[in-house]
Amino acid sequence: AAVKRIGARGGVLDISQLSKQAALQVMQLSATPVIASHSNVRALTDVSRNLSDEELDRIAATGGVVHVAPFRGYLFDSSNPELDAGIRAVRRQSGVDEDYLYPFELYWEIDDDAVKANFLTQINELLGPIDLEIMLNHIDYIVQRIGVDHVGIGTDFNHGSGIINYQDASDSMNVTLGLLQRGYSATDIEKIWGGNFLRVWQAAQEAAREG
């Protein structure tokens, strides 16, 4: 009911924080393009906050857009068993569930401010800084799988990026330069930096007017 009502009012549906099952259901129900406002590629960083290939394919089928986030929690090397063990140890020590959707999950439920601060410090140290090139790899993956019309950037900077050369919005030119160095055209980059989202937004507005 919510999906239909949002669509009728010209809203854009965002699946970034839904489970895979819920995301697929939303995409099946929506009559307009669907976005993920801050989600990366699960095949590259295997955390459930990221999107599976099936979800990527379905978003493209709706005409939607996946917005890659410069956030270490979605970009770290999830195939590293030592890193995984370290994250789990810190989570146990801090009193949050050892299993995680992404490393920082549930830190906001730690009541003791000192324990919370220590948790964030240790997780940040474990993850370390991640280079902008890793984020660009996620953009490349999406482009190669579903096309440049279906990828964007969703910063989610309120979490802090921890990304070398893209710490905050003042570093945005580095993203453009990185895309140019990888062979993206000016037209491609315009799409990635907002053109694709504007297309989705306009489609949602037009559907509402016609409905």
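Reader: What should I know about the model before we start?

Author: This is a predicted model, in which local features need pLDDT of at least 70 and side-chain atom pairs count only at pLDDT 80 or more, while totals for chains, interfaces and linings use all residues. Residues are numbered from 1 along each chain as its sequence is written, and side-chain values use heavy atoms, with hydrogens and water left out.

Reader: Why is helix 2 called roughly parallel to helix 3?

Author: The axes of helix 2 (residues 20–29) and helix 3 (residues 53–62) come within 10 Å and cross at roughly 15°. Helices here are DSSP runs (H or I, at least four residues), numbered from the N terminus, and axes are lines fitted to C-alpha atoms over the stretch in contact, with angles running from 0 to 180 degrees between N-to-C directions. Angles under 35 degrees count as roughly parallel, over 145 as roughly antiparallel, 65 to 115 as roughly perpendicular and the rest as oblique, and therefore helix 2 is roughly parallel to helix 3.

Reader: Which residues of helix 2 and helix 3 meet?

Author: From helix 2, Lys 20, Ala 23, Leu 24, Met 27 and Gln 28 meet Glu 54, Glu 55, Arg 58, Ile 59 and Thr 62 of helix 3, where contact means heavy atoms within 4.5 Å. Sorted by class, this contact has four nonpolar, two polar and four charged residues; Ala, Val, Leu, Ile, Met, Phe, Trp, Tyr, Cys and Pro count as nonpolar, Asp, Glu, Lys and Arg as charged, and the others, Gly among them, as polar.

Reader: What makes helix 4 and helix 5 roughly antiparallel?

Author: Helix 4 and helix 5 pack at an angle of about 180°, with their axes 10 Å apart, and helix 4 and helix 5 are therefore roughly antiparallel to each other. By class, the contact between helix 4 and helix 5 has eight nonpolar, five polar and one charged residues.

Reader: Why does Ser 94 count as buried?

Author: Buried means under 20% relative accessible area, exposed over 50%, and partly exposed in between (1.4 Å probe, protein chains only). Ser 94 has 10% relative accessibility and therefore counts as buried. Ser 94 lies in helix 4 and, leaving aside its neighbours within four places in sequence, is in contact with Ile 110, Val 115 and Phe 119.

Reader: What makes the pair Arg 145 and Asp 53 a salt bridge?

Author: A salt bridge is a side-chain nitrogen of Lys or Arg within 4 Å of a carboxyl oxygen of Asp or Glu, and the closest N and O atoms of Arg 145 and Asp 53 are 3.5 Å apart. Arg 145 lies in helix 6 (residues 132–146) and Asp 53 in helix 3, so the pair ties together parts that are 92 residues apart in sequence. Arg 145, at 40% relative accessibility, counts as partly exposed, and so does Asp 53, at 24%.

Reader: Where do Arg 182 and Asp 140 lie, and is Asp 140 buried or exposed?

Author: The side chains of Arg 182 and Asp 140 meet in a salt bridge (2.5 Å, N to O). Arg 182 lies in the loop between helix 7 (172–181) and helix 8 (186–210) and Asp 140 in helix 6, so the pair ties together parts that are 42 residues apart in sequence. Asp 140 is buried, with a relative accessible area of 14%, whereas Arg 182, at 28% relative accessibility, counts as partly exposed.

Reader: How many salt bridges does the structure hold?

Author: The structure holds 12 salt bridges.

How values were computed. Helices (H or I, at least four residues) and strands (E, at least two) are DSSP runs, numbered from the N terminus.
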